[in-house]
Amino acid sequence: MPFIPDPESWLFHDAMAHPPALGSGEVHLWLFSLDQFPWPAQAIADCLDDHERDRAVRFHFDIHRRRFIAGRGQLRHLIAGYLQVAPRDVRFTYGQQGKPFLDAFHHGQGHRTPLQFNLSHSEGVALLGVTLETQIGVDVEAMRDMHDAGDVARDNFSPSEVEAWERLPDEFRQDGFFACWSRKEAIVKAMGGGLSIPLDSFQVTLDPGKPARLLSIDEVPNAPQRWTLWGKRVLPGYWGAVAAKAPSLEIRSFCLKR
Ligand SMILES: CC(C)(COP(=O)(O)OP(=O)(O)OC[C@H]1O[C@@H](n2cnc3c(N)ncnc32)[C@H](O)[C@@H]1OP(=O)(O)O)[C@@H](O)C(=O)NCCC(=O)NCCS
């Protein structure tokens, strides 16, 4: 699938320029390819740290290794632009369930911190969200035929989401499934627990023709007023979502100009 973002939805940004200024109340959403990139492949591979190199060599298939390196390398280049350091000088630390964060080393180094980010990748496409001062989760999903979508929905979605999904006309069911899945995964990634958090403990909208909304989180009063949820088809065949634990954030969408 060619990587051709819609210029109506994505602002093309020159990779050699500083990233746009990130204001409070904003999320910068970056869509990029894992198969073609604006920086030299060597510069992408060379900026990884030992932990990332160690992970890279353990992939069984070359294509997975190359895409992992492309994801981490471009993540480093983009984050380095915000911090104004060299990509190899970006230091990560990890939460209990593996969520990467910027290391405390970057706090108090004259950088604007805390900078929060979350990365997702699917097939050859990556989506990165960057924001200030709030937990963020991002997901991108390549749509594929799911003959067992009904079973997966019933096993994972909450009963009201399954009902909403079953009410969709047949031709919207595949989009509705991936819209719902990506929104739910973005939320559990924002929380940091990933799929260790029950996906049926909160409810989202899934109608592919309507804006994404968080409807409720079990035992969290007024959750929709406390969170931002964004979800769209980010490329033909790909659904993407961003969730952040702060109300009414503005999502600014960028992709890298090659
Ligand atoms: C996080 C999780 C939902 C990712 O699902 P996925 O669809 O395979 O992958 P995505 O492409 O959307 O996201 C992967 C990226 O999210 C980030 N990530 C990893 N763990 C994360 C977490 N717990 N929360 C949020 N983000 C996480 C990383 O940047 C990762 O990219 P990397 O592979 O380059 O390191 C899934 O791996 C999960 O539930 N992990 C937590 C539970 C677990 O397995 N823990 C054991 C590891 S310590």
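Tutor: Let us begin with a term: contact means heavy atoms within 4.5 Å. Helices (DSSP runs of H or I, at least four residues) and strands (E, at least two) are numbered from the N terminus. This is a predicted model, where local features need pLDDT of at least 70, side-chain atom pairs count only at pLDDT 80 or more, and totals for chains, interfaces and linings use all residues. Residues are numbered from 1 along each chain as its sequence is written, and side-chain values use heavy atoms, with hydrogens and water left out.

Student: Which residues of α4 meet α5?
Tutor: Ala149, Gly150, Ala153 and Arg154 in α4 are in contact with Val162, Trp165 and Glu166 in α5. By class, this contact has 4 nonpolar, 1 polar and 2 charged residues. Here Ala, Val, Leu, Ile, Met, Phe, Trp, Tyr, Cys and Pro count as nonpolar, Asp, Glu, Lys and Arg as charged, and the others, Gly among them, as polar.

Student: At what angle do the axes of α4 and α5 cross?
Tutor: They cross at roughly 155°, and the axes come within 8 Å; α5 covers residues 159-167. That makes α4 roughly antiparallel to α5. Axes are lines fitted to C-alpha atoms, for helices over the stretch in contact, with angles from 0 to 180 degrees between N-to-C directions. Angles under 35 degrees count as roughly parallel, over 145 as roughly antiparallel, 65 to 115 as roughly perpendicular and the rest as oblique.

Student: And what about α4 and α6?
Tutor: Helix α4 (residues 149-156) packs against helix α6 (residues 170-191) at about 35°, with the axes 11 Å apart. On the α4 side the contact involves Ala149, Val152, Ala153 and Asn156, and on the α6 side Phe177, Trp181 and Lys184.

Student: How far is the side chain of Arg55 from an oxygen atom of the ligand?
Tutor: An N or O atom in the Arg55 side chain is 2.7 Å from a ligand oxygen. For the side chain of Ser120, the corresponding distance is 2.8 Å. Leu119 uses a backbone N or O atom, 3.2 Å from an oxygen atom of the ligand.

Methods: Polar contact = N/O pair within 3.5 Å; in protein donor to acceptor, adjacent residues only side chain to side chain.
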